[in-house]
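Trainee: Hi! I have a new structure open and would like a walk through it. Could you help me get my bearings?

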Amino acid sequence: MITAGGTGAVDTAVFVLAAGDVIRNIATNILWTNGILDCLPHQCSLRRVSSPNGETRGQIIQKPRYSVLDGLLGPYWKAVGLAFNCTFLLFGSVIQLIACASNIYYINDRLDKRTWTYIFGACCATTVFIPSFHNYRIWSFLGLAMTTYTAWYLTIAAFLHGQAEGVTHSGPTKLVLYFTGATNILYTFGGHAVTVEIMHAMWKPRKFKSIYLMATLYVFTLTLPSASAVYWAFGDRLLNHSNAFSLLPKTRFRDAAVILMLIHQFITFGFACTPLYFVWEKAIGMHHTKSICLRAIVRLPVVVPIWFLAIIFPFFGPINSAVGALLVSFTVYIIPALAHMLTYRTASARRNAAEKPPFFLPSWSGVYVINAFVVVWVLVLGFGFGGWASMTNFIRQIDTFGLFAKCYQCKSPIPPPPTPATGNHHRR
């Protein structure tokens, strides 16, 4: 199920600029909140499921995240979780659509990116016919292979290309660049925003924690080498090229990577949209309709706004940063950590916890310290400074390219050679 967060292998712009302590802290936060997201559904199960003899052990209810928050903390938390998660998935789908147009342009530039967005919007709209996450199981494995090829293509191609002439690696020279890089990392590794929904699709959800841990570590092997290699080769040029494909020479290997990423992004679009389909169906009372065609028609009002937003804001790269700062920070880090703290705030809740603290934290005090650190650190640096930096950059893109940009960050057309002046020449 790695495809949920695989696009970071391509979106390498500014990625490594905020390296060092930021990457280490975010990686730690990811692994920690991943464990939290796994144990909360278990705790919800123990509170809601009871057999006639009173035994509740070993039973798991597979529920969407907002239902878990409702079962543990009440309807207000459900509303907050639902709002953030749906907004994140909405813009996550927008990003995948923008990425499709951005990538295919480097195979066929006879059409501008906005036209490609029209085309791929229609293609991605076919996901309305896919009933549930269970139907994506084989596609997730294919997406893994596609992302792996693309990531290692970027790594190898960058080393074979070598460092560009006059390449510079100035790092973040301004606070805006530093926090833009940090929020790109938040977005890249924030793919476990739909983990509860993915767990819902597993036949054996008890294995989710170990499987997702291995998946997260594997994602590190894809994103970090490719981003580091491309930054080594092209340096600060990535600041103005949000798509690394634009800097690599056109070869059949690059075209293969682009095509595989297009398929992968179609799969990821479906992953991100499916929870939105479910929420919309339940809101209008059509979730249990058996007719696939009727459900597809009902789901179209979800796809059309995504299509429209991708055309309005085609800023691949800056929009990733904004989503990472304003939405991923809450959906993936702050809300799970706060929910965990409030769920186990009483002594009785801790005694009856579905999962005890990990072996390296024998006391609940240590768990609370880590949760508090995640909340404060992400709130201040991710949402606060990161939100300021990402919105500053986003507004700058609007001022530079305008809304409904026809071809964002496309190469400038080569002006025609000047025609020789013609006229009568008079002799003296």
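This is a predicted model: local features need pLDDT of at least 70, side-chain atom pairs count only at pLDDT 80 or more; totals for chains, interfaces and linings use all residues.

**A first look around**

Trainee: Which helix is Tyr218 in?

Mentor: Tyr218 belongs to helix H8, which covers residues 208-234.

Trainee: And what does the side chain of Tyr218 make a polar contact with?

Mentor: With the side chain of Thr148, at 2.9 Å.

Trainee: Let me zoom out. How many helices and strands are there in the chain?

Mentor: The chain has 13 helices and zero strands. Of its 428 residues, 54% are buried. Among contacts with a separation of 6 or more, 83% are between residues 24 or more positions apart.

Trainee: Now the core. Which residues touch the most other members of the largest nonpolar core?

Mentor: Phe245 and Val323 do, in a core of 71 residues. Beyond its neighbours within four places in sequence, Val323 is in contact with Phe88, Phe91, Ile95, Tyr187 and Val328. Another core, of six residues, lies apart from that one, and Tyr344, Ala353, Leu361 and Trp364 are among its members.

Trainee: Switching topic: how many disulfides does a search of the whole structure find?

Mentor: The search finds zero disulfides. Take Cys123, which is in no disulfide: its nearest cysteine sulfur belongs to Cys124 and is 6.8 Å away.

Trainee: Is Cys124 buried or exposed?

Mentor: Cys124 counts as buried, at 1% relative accessibility. Cys123 is partly exposed, with a relative accessible area of 35%.

Trainee: Which residues of H4 are buried?

Mentor: They are Lys113, Trp116, Thr117, Phe120, Gly121 and Cys124. Seen down the axis of H4, these buried residues fall within an arc of 140 degrees, so they line one face of the helix.

Trainee: Why would residues three or four places apart point the same way?

Mentor: An α-helix has 3.6 residues a turn, so residues at that spacing point the same way.

Trainee: What do the buried residues of H4 pack against?

Mentor: They pack against H3, helix H9 (252-283) and helix H10 (292-312).

Trainee: What span should H4 have, at 1.5 Å a residue?

Mentor: The twelve residues of H4, 113-124, should span 16 Å, and the end C-alpha atoms are 16 Å apart, which agrees.

Trainee: Which residue caps the N-terminal end of H4?

Mentor: That is Asp112, with a side-chain oxygen 3.0 Å from the backbone nitrogen of Arg114.

Trainee: Back to H3 for a moment. What does Ser102 touch?

Mentor: Not counting residues up to four places away in sequence, Ser102 touches Lys113, Asn243 and Phe316. Ser102 is in helix H3, residues 75-104, and it counts as buried at 4% relative accessibility.

Trainee: And H10? Is Arg299 buried or exposed?

Mentor: Arg299, found in helix H10, is buried, with a relative accessible area of 1%. Setting aside residues up to four places away in sequence, Arg299 touches Thr127, Val128, Ile130, Pro131, Tyr277, Phe278, Trp280 and Glu281.

Trainee: Where does Phe315 lie?

Mentor: Phe315 is in the loop between H10 and H11. Phe315 is buried too, with a relative accessible area of 0%. Leaving aside neighbours within four places in sequence, its contacts are Ile98, Phe394, Gln397, Ile398, Phe401, Gly402 and Tyr408.

Trainee: How many residues apart in sequence are Phe315 and Phe401?

Mentor: They are 86 residues apart in sequence and 9.0 Å apart in space, C-alpha to C-alpha.

Trainee: One last stop: what does Ser321 touch?

Mentor: Ser321 is in helix H11, residues 318-343, and is buried with a relative accessible area of 1%. Not counting residues up to four places away in sequence, Ser321 touches Thr180, Thr183, Asn184 and Ser390.

Definitions and conventions:
Residues are numbered from 1 along each chain as its sequence is written. Side-chain values use heavy atoms; hydrogens and water are left out. Helices (H or I, at least four residues) and strands (E, at least two) are DSSP runs, numbered from the N terminus. A polar contact is a pair of N or O atoms within 3.5 Å; within protein, one must be able to donate a hydrogen and the other to accept it, and residues adjacent in sequence count only if both atoms are side-chain atoms. A nonpolar core is a set of buried Ala, Val, Leu, Ile, Met, Phe, Trp, Tyr and Cys residues joined through side-chain atoms within 4.5 Å. Buried means under 20% relative accessible area, exposed over 50%, partly exposed in between (1.4 Å probe, protein chains only). Contact means heavy atoms within 4.5 Å. A disulfide is a pair of cysteine sulfur atoms within 2.5 Å. The expected span of a helix is 1.5 Å times one less than its number of residues. The arc is that of the directions from the helix axis to the C-beta atoms.
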